[in-house]
Amino acid sequence: MVQSLDRSQGRASAGAATASTGATATFTGNRALQIEEPLIFEMGQPGRCGVDLPEPPMVRERLAGLRRAGAIGLPGLSEPQVVQHYTRLSQKNYAIDMGVYPLGSCTMKHNPRINEKVARLPGIGDLHPLQPQSTVQGALELIDTLAHWLKTLTGMPAVAMSPAAGAHGEMCGMMAIAAALDARGERAQRRIVLAPESAHGTNPATAAALGFSVKPIPANDRGRVDLAALKAALGPDVAAIMLTNPNTCGLFESEIVEISTAVHAAGAYFYCDGANFNAIAGRVRPGDLGVDCMHINLHKTFSTPHGGGGPGAGPVVLSAALAPHAPYPWIVKDGTGWRLAEDGDAVDGTPLGRLKAFHGQMGMFSRALAYIMSHGADGLKQASEDAVLSANYVMAALKDVMTPAFDGPCMHEALFDDGFLKDTGVSTLDFAKAMIDEGYHPMTMYFPLVVHGAMLIEPTESQAKEDLDLFIGALRSLAERAKSGTAAEDFKAAPRFAPRRRLDETLAARKPVLRWRPTNHPPGGDPLKQAAE
Amino acid sequence: MRYLPLTDADRRDMLATIGARSVDELFRDVPASARLPGKVAGLPDHQGELEVERAFQAMAAKNVSPASAPFFIGAGAYRHHVPATVDYMIQRGEFLTSYTPYQPEITQGTLQYLFEFQTQVGLLTGMDVANASMYDGSTAASEAVLMANRITRRHKALVSGGLHPQYRRVIETTAHWQGYTVAAAAADAAGLEDLIARVDKETSCVVVQNPSFFGHVRDFTALSKACQAAGALLIVVVTEVVSLGLLKPPGEMGADIVVCEGQSIGNGLGFGGPYVGLFATRDKHVRQMPGRLVGETVDADGKRGFVLTLSTREQHIRREKATSNICTNAGLCALAFTVHLTLLGEDGFRRLAELNHAKACELADRVAKIPGVEVVNDSFFNEFTVRLPKPAAPVVEALAKKRILAGVPVSRLLPDDPSVANLLLLAATETATEHGMGPLVDGLKEVL
């Protein structure tokens, strides 16, 4: 019996699929280029293998009698099946390579392919981290060259290269602050970290992990730190302030110098979250603003690919006060070449320890350095200016139909609230999902928390004006439709044309299914089997 | 500049729309004292692709590529053959240039491969549930200790002398600044350590490695029972994940948390990173687990789909009450891992492990015949420890001068322990050949 419902492999089926999309049912459940794809565990056959390996020679086994007894349970697929599987999966993803990806705070800029090429060069991509240092002089030179760029661009005297991502860099920076307080004998007394309510979630999470209590600092009506409130909060119990600049509202903290001066006068340190460095790289040096340490997300500002959520890299630049506490390892250049300072080496200062095995995210260093060298000092400045210009252009072109959260020029992100959706029955979420049907990845939603129904748009410098104009046109059209008051149901039903419609996140959390098991998915989704029945 | 699409005419038009005379006006909130008169001084200007590539080739030429020399280095990072399909797949723009799947309707590709990855990690380790990856093995080990502290509400980790010394240092660093205790056992080169007597009512967890840093293969079933009796958790670290193709998995030994360095599958050596941490545990502990998790659900049409789930553990929701401050993970390295493991499948993965063990057995037998050289291990997977008649570091350096990359002198990682000065770690994977083993054995004979 052939049913007229969705019969895609392994899928629960329901009649609503065809009705809501207006499409005609297909035998396979596919819709042209949108191909339904089972899990690898539903595809494998015993005896199939995607690699050819030689027969292992007979040896006297030395496994202490601990040979694995049963089967692992991995499926067997041939190479063409593997290629098709992942190709089909890839076609269910939106990506920077496809168009505008305005995810605020994430800096989804162009990822040049030369970066991929140089990271894979023999003699760079294939080096072992524990080769004798005499055999990796070029690799150490590469890291040192990137370190030089990062220090010069930020106007800071030192950099810790090993943190694996932004949050890891935050941990490194805050440990360095704790170490500096230790050296002053004040760690027990300074237990408070100040952070604005608009901070990234990683900031309070990092501070709390290190045993600090987090005290929020209010913002003024211009979206900046309330300087008077900050000064009132500073005291001998404060260790540091964690501040993003440009801040998460997309605004430059105009009183930043007054803030850093007050923080230092109170004996505290200034941790700057560098997530938004792309607005100012090559144009403003954080060292000139009184920053003590700042992590740099190489996967944001310096275009190492986001890769579906990592890997990242989060080097931390350090002021003279914090540099003696940088973690192992670091690179030293002397008359004979480069060498690594590693645990146990006699060094000046009191290193805070070690944050990860080996020497940092080398693959990301190669890519970031290629990006930086390609731009040069002139290109980096131009890129920051174009990023800021593009965000302001989007803001200006939408301000009559959407509601900017704050007045005045923004930096590289345009922040709107949901005021323009008031009484329309359309929420920020609905609005974002409708963007998907227009062919765009939504902006960051509901962040920062201080703005109601926030929509944070970061166009980056990578989009041509024609593409920004089309994006603006799409958002204007959606805003006008929402405000017409008759389209709420349409918005609630979006997206309609994506590989999946809205997913039931409550169900996922209430009854977590976190892996495939043979019993999870009774067969029956196979069209051939169903046809045979 | 080839990456910047805006023309001067575009910029003028856009400024006109904004109502600003110049881009400087947009930066007017920057304090005057921090405004640079031009670009940052002392740095070169932009370059073409050819010039950039030449600069990298010049740096690469100053290194000795493992492909160009006999190579036996391991100690937490292993050289394996990665099929061409893997590198092709991870360079598809739809994977490479997408971000964390916050919008599941248009990121089902990433979400499905992470769900498959979680399942594969659960199968390999013999555990119930795995997360969507961590930065690497060392940071995953540190997060595992924090998780055990949360679960047991105790604050003392007992760390084996068979744990990779840099992993131990990462755990100790976190412990120092986050305020808990680490009791570290002495380096266990002989593989005879017994930690059972040291597990007490204050112990939150015991951290062991299998095979150990020195290569020994151990069964931790008795230790897991001792942990259970004392209310502590057993954390098993695996730095060579290929070993799980041949060895009894930690889940069958009673491990509560298993963390692995996943680099060996799909990911090149890359001078130490980026790698991929695997993290698996029992169902009952899932809500204390750090990192992202992908779960199955259905969409509005009832079709199966995947989403990030249980995010109430994470920093963007919980802020200062989060289980971890981690945001980014190792998505693309997890993709490389899962593509390679899918290519291997059950038969290929097991055969790869057999080959590794066979190569290492062959190397051990040959090295043992060199006068004055003693193979320390009775058991190992693809890496073992040898005792040389003199300090290992200068021996390795002398062999490097002959373009032989001979292994890791243990003293590089344990510089303060004189008892390990003569010890050398040697690893042999499926990439080892007669063209490598012969020169290594001859070279060792010459320099000893």
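**View 1. Ala130(B) sits across from Ala280(B) of β7(B).** The two residues belong to a zoom on the pairing of β1(B) with β7 (residues 277-281) of chain B, which is antiparallel and runs over two bridges. Strands here are DSSP runs of E with at least two residues, helices are runs of H or I with at least four, and both are numbered from the N terminus. Two strands count as paired if DSSP finds at least two bridges between them. A word on what you're looking at: this is a predicted model, where local features need pLDDT of at least 70 and side-chain atom pairs count only at pLDDT 80 or more, while totals for chains, interfaces and linings use all residues. Residues are numbered from 1 along each chain as its sequence is written, and chains are lettered from A and ligands numbered from 1 in the order in which they are written.

**View 2. Zooming out, chain B shows an open sheet of seven strands.** Reading across, the order is β1-β7-β6-β5-β4-β2-β3, with mixed pairing. The edges belong to β1 (129-130) and β3 (181-184) of chain B; each has a single partner strand, so one side of each has no neighbour in the sheet.

**View 3. Helices α7 (residues 137-152) and α8 (residues 165-178) of chain B pack at about 45°.** Their axes are 9 Å apart; axes are lines fitted to C-alpha atoms, for helices over the stretch in contact, and angles run from 0 to 180 degrees between N-to-C directions. That makes α7(B) and α8(B) oblique to each other, because under 35 degrees would be roughly parallel, over 145 roughly antiparallel, 65 to 115 roughly perpendicular, and the rest is oblique. On the α7(B) side you'll find Gly137(B), Ser138(B), Thr139(B), Ala141(B), Ser142(B) and Val145(B), meeting Gln166(B), Tyr167(B), Val170(B), Ile171(B) and Thr174(B) of α8(B). Contact means C-beta atoms, placed from the backbone, within 7 Å. By class, this contact of α7(B) with α8(B) has five nonpolar, six polar and no charged residues. Nonpolar covers Ala, Val, Leu, Ile, Met, Phe, Trp, Tyr, Cys and Pro, charged covers Asp, Glu, Lys and Arg, and the others, Gly among them, are polar.

**View 4. Chain B is split into domain 1 (66-82 + 346-447) and domain 2 (84-340).** The bounds come from an automatic or database domain assignment. Over C-alpha atoms, the centres of the two domains of chain B are 27 Å apart. Domain 1 brings 28 residues to the contact and domain 2 brings 29. On the domain 1 side, α11 (331-368) and β11 (383-387) of chain B are the elements that give two or more residues, and α11(B) has the largest share, with seven. That side divides into 15 nonpolar, eight polar and five charged residues.

**View 5. Chains A and B meet through 181 residues of chain A and 172 residues of chain B.** On the chain A side, the largest share, 22 residues, comes from helix α9 (residues 362-398) of chain A. The classes on that side are 98 nonpolar, 51 polar and 32 charged.

View 6. Phe447(A) and Pro448(A) are joined by a cis peptide bond, omega about 0°, and Pro448(A) lies in the loop between β12 (444-445) and β13 (455-457) of chain A. Gly273(B) to Pro274(B) is cis too, with omega near 0°; Pro274(B) is in the loop between β6 (257-261) and β7 of chain B. Ala64(A), in the loop between α1 (16-21) and α2 (79-90) of chain A, has phi near 55°, a positive value in a residue other than glycine.

Note on methods. Contact = placed C-beta atoms within 7 Å.
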